[in-house]
Amino acid sequence: VEAVHLIADGKAPRIPQPKEGATYEGIQKKEYAEISWDQPAAALHNWIRGHDKVPGAWATIDGQVVTFYGSSLLDASVPAGQELAIKGASRPGLVTKNGLVVFGNDGKMVLVRNLQFEDGKMIPASKYFSADETTTLELTEEEKKMAEDIR
């Protein structure tokens, strides 16, 4: 009761909480989620997965911010793929049929399955070099009539 009265009277002591030992992590910001490539593959994987989905770990590819999603450690021989230069990485990534393979400074590999561009478009990492290809949908006469009826 005494504590309630002190608060009501505006006389309760105000002791700031010390930051030491605090466990709360503030909201993660995108600018702090850039991937630092000078670390082992396990650390890269943990960084990407730790920022998956928000805010998303990112790197610069072809002058554009690209966000990485869905990583896993890859314990196999280096797969065949098309090289992809990534800013800050000591070794180019490889776009393979399973996704984008990136390398840690220990030579081990991480497989990234999805990439998201600045415009919000997300693609499977394996389709990076075919991302600009567009397909047109051609409707049959019956489908055209159905589309018109729906409109």
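I began with burial, taking buried as under 20% relative accessible area, exposed as over 50% and partly exposed as in between, with a 1.4 Å probe and protein chains only. By that rule, 30% of the 151 residues of the protein chain count as buried.

I noted that this is a predicted model, in which local features need pLDDT of at least 70 and side-chain atom pairs count only at pLDDT 80 or more, while totals for chains, interfaces and linings use all residues. Residues are numbered from 1 along each chain as its sequence is written, and side-chain values use heavy atoms, with hydrogens and water left out.

**Whole chain**

I looked up the secondary structure, where helices (H or I, at least four residues) and strands (E, at least two) are DSSP runs numbered from the N terminus. The protein chain has 3 helices and 7 strands, and from the N terminus their order is α-α-β-β-β-β-β-β-β-α. The radius of gyration is 24 Å, well over the 15 Å that the globule rule gives for 151 residues, so the protein chain is more spread out than a compact globule. For that comparison the radius is taken over C-alpha atoms, and the rule is 2.2 Å times the number of residues to the power 0.38. Along the principal axes, the C-alpha atoms fill a box of roughly 80 × 55 × 25 Å.

I then turned to contacts, meaning heavy atoms within 4.5 Å. Among those between residues at least 6 apart in sequence, 49% join residues at least 24 apart. The protein chain exposes about 11,000 Å², of which carbon and sulfur atoms supply 52%; these areas come from the Shrake-Rupley method with a 1.4 Å probe.

**Helix 1**

I picked Leu6, which sits in helix 1 (residues 2-8) and is partly exposed, with a relative accessible area of 30%. Leaving aside neighbours within four places in sequence, Leu6 is in contact with Lys11 and Ala12. Leu6 and Pro16 are 10 residues apart in sequence, and their C-alpha atoms lie 17 Å apart in space.

The bond joining Asp52 and Lys53 is cis, with omega about 15 degrees. The bond from Val54 to Pro55 is also cis, with omega near 0 degrees, and Pro55 belongs to the loop between helix 2 and strand 1.

I asked how many residues of strand 1 are buried. The count is 5 of the 5, so strand 1 is largely enclosed by the rest of the structure. In a regular strand the side chains alternate between the two faces of the sheet. Both faces of strand 1 are covered, with Ala57, Ala59 and Ile61 buried on one side and Trp58 and Thr60 buried on the other.

I followed the pairing next, where two strands pair if DSSP finds at least two bridges between them. Strand 1 and strand 2 pair in the antiparallel sense over 5 bridges, and Ala59 has Val66 of strand 2 as its bridge partner. The two strands form a hairpin with 2 residues between them.

I finished at Asp62, in the loop between strand 1 and strand 2 (64-74). The phi of Asp62 is near 50 degrees, a positive value in a residue other than glycine. Is Asp62 buried or exposed? At 64% relative accessibility, Asp62 counts as exposed.
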